[in-house]
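Welcome! Please take a look at the sequence and the structure shown here, and then read on for a short tour.

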Amino acid sequence: MNNDKMNKRQKIDNNRNKNKNPNQKIKQKSKKKMKMWKKILLIILLILLIAGGVFAYKVYRNGGGLSGMLATVVGHDENTRKSLGEFQVLLMGVSTDQEGVALTDTIIAASYNPNTQKASLLSIPRDSFTGKNTKRAVASDKINAIYNMTRDPMETVEAVNELTGLDLQYYAIVQTEALIELVDAIGPIEYYVPTTMNYDDTSQDLHIHFEEGLQQIDGPAAEELLRFRKNNDGTSFPSEYGDNDIGRMRNQREFITAVVEQTVKLENITKLGAILDIASRNLITNLNFDVLKDYLPYAVEFSTENLQTGSLPGSVPDISQTNNVSIFVVDKEETEQLVKELFFPERLLEEESTDGNTTGNTSATSSTSTNSDIEIEVLNGTSDGKILQEVVSKLTEKGYNVTRTGVNETNSVSKTIIANKKDVSSTIMNDIKTTIGTGTISDKSGGSSSKVDVTIIIGKDYNQ
């Protein structure tokens, strides 16, 4: 009896053990799988850490920051930037509102050096004479007529090279539609409109109406702004800014500066693809966009404080001497000097160190001038009166002669402007900029007083 009970208990125990075994096996298998996944995750994490470290190292070798990251993403190494030369292109603005007519009323030679982060804009007056004899001038001798007659952009490029001594190889024709789309893609451009504008041309359905001051400029407004030359009553830009075409060219350069400044902001970096797409669809150009993309990672470092601008120097002869055709005759000697300052500063420095003077510059404000010879006026474009005295102190400590101070007539301005009034050498202009710590160097048409060599308008960017 006892044996039977023992056998029954043993059978029950055996059955219980059998029932437990499957659960244990499942648990054991689960533990093995967990260990395997942990190993896999650790391997993946290790790979990511190694890849991240390699990427971070490449970013560091490419200069670090956003520029280094973008350069690494597109496959550049530390030697890519060094191998990129100075990028130069002739920008031509063509209005498409007159059927069959394509006058290039905006012509600008532009350059950008990714290694020095320097850039230049040189305006070519639309009436620049390209013929042989001014006494027999005809309308087709003006540089803005070349593209309209030939439809070959390189003909205009060659004419600009002839006038300036540059060796431009690339062109980019920006039509009205492209300008509107480009500005709208970047977002409204914050821009200080230099004067009140009121102009109407019903034949072109063109109506330009702006108040002087800081404005938000969208695409259609940008077209109107850049085409403005004079008001309905015949008045134009203020004389200190530059009348008519001179003022229009300066307005164009300064608006381009504002567009560049806003484009390279961090929040607009994600729009670079859209900008390139607009360019590829709308521009008439011989540029290779794959090559252009190589410059983009370094362009995000660019500051408009390193942008120098100018306009070809010359004169407008009396039409009685030019076959009743209004033309602009370029001064070749002054142009040679200006081109050196904007595009070949290293060549200019070599000449100055060799000759002890600036070639072709015979004015009293040549490179041999001392700081005390330079007469400067300082205008306060901010609401802080202490800033004016601070800037004056910095300049006088460096030995500069500050002869006039005051408040900017147009009130508040966002950017400090250093206007070259009397052909002061680029060496001194750059030293003035370094002394005050900020500023955009403008050409000699800027400022408010013709009795000084340099006018400084202090903007909100000072001490930011």
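This briefing covers the confidence of the model and then its salt bridges.

This is a predicted model, in which local features need pLDDT of at least 70 and side-chain atom pairs count only at pLDDT 80 or more, while totals for chains, interfaces and linings use all residues. Residues are numbered from 1 along each chain as its sequence is written, and side-chain values use heavy atoms, with hydrogens and water left out.

**Confidence**

- The chain has a mean pLDDT of 77 (pLDDT is the predictor's confidence in each residue, from 0 to 100), and 71% of its residues reach 70 or more.
- Over residues 51–60, pLDDT stays under 50, and the model has nine contacts beyond four places in sequence for them (a contact means heavy atoms within 4.5 Å).
- Residues 445–449 also have pLDDT under 50 throughout, with 24 contacts beyond four places in sequence.
- Where pLDDT is low, the predicted coordinates should not be read in detail.

**Salt bridges within a helix**

- The count comes to 13 salt bridges, each being a side-chain nitrogen of Lys or Arg within 4 Å of a carboxyl oxygen of Asp or Glu.
- Arg227 pairs with Glu223 in a salt bridge whose closest N and O atoms are 3.4 Å apart.
- These two residues, Arg227 and Glu223, are four residues apart in helix α7 (residues 219–227), so about one helical turn separates them; helices (H or I, at least four residues) and strands (E, at least two) are DSSP runs, numbered from the N terminus.
- Glu223 is buried at 16% relative accessible area, where buried means under 20%, exposed over 50% and partly exposed in between (1.4 Å probe, protein chains only).
- Lys340 and Glu336 form a salt bridge too, at 3.6 Å from N to O, and because they sit four residues apart in helix α11 (residues 332–343), about one helical turn lies between them.
- Lys340 is buried, with 7% relative accessibility, whereas Glu336 is partly exposed at 44%.

**A salt bridge between separate parts**

- Asp431 and Lys398 form a salt bridge, with their closest N and O atoms 3.1 Å apart.
- Asp431 belongs to helix α14 (residues 426–436) and Lys398 to the loop between α13 (385–397) and β14 (401–407), so the pair ties together parts that are 33 residues apart in sequence.
- Asp431 is partly exposed at 24% relative accessible area, and Lys398 is partly exposed at 37%.

**A network**

- Salt bridges link Asp105, Arg126, Arg229, Asp245 and Arg248 in a network.
- Side chains of opposite charge can pair when their charged atoms come close.
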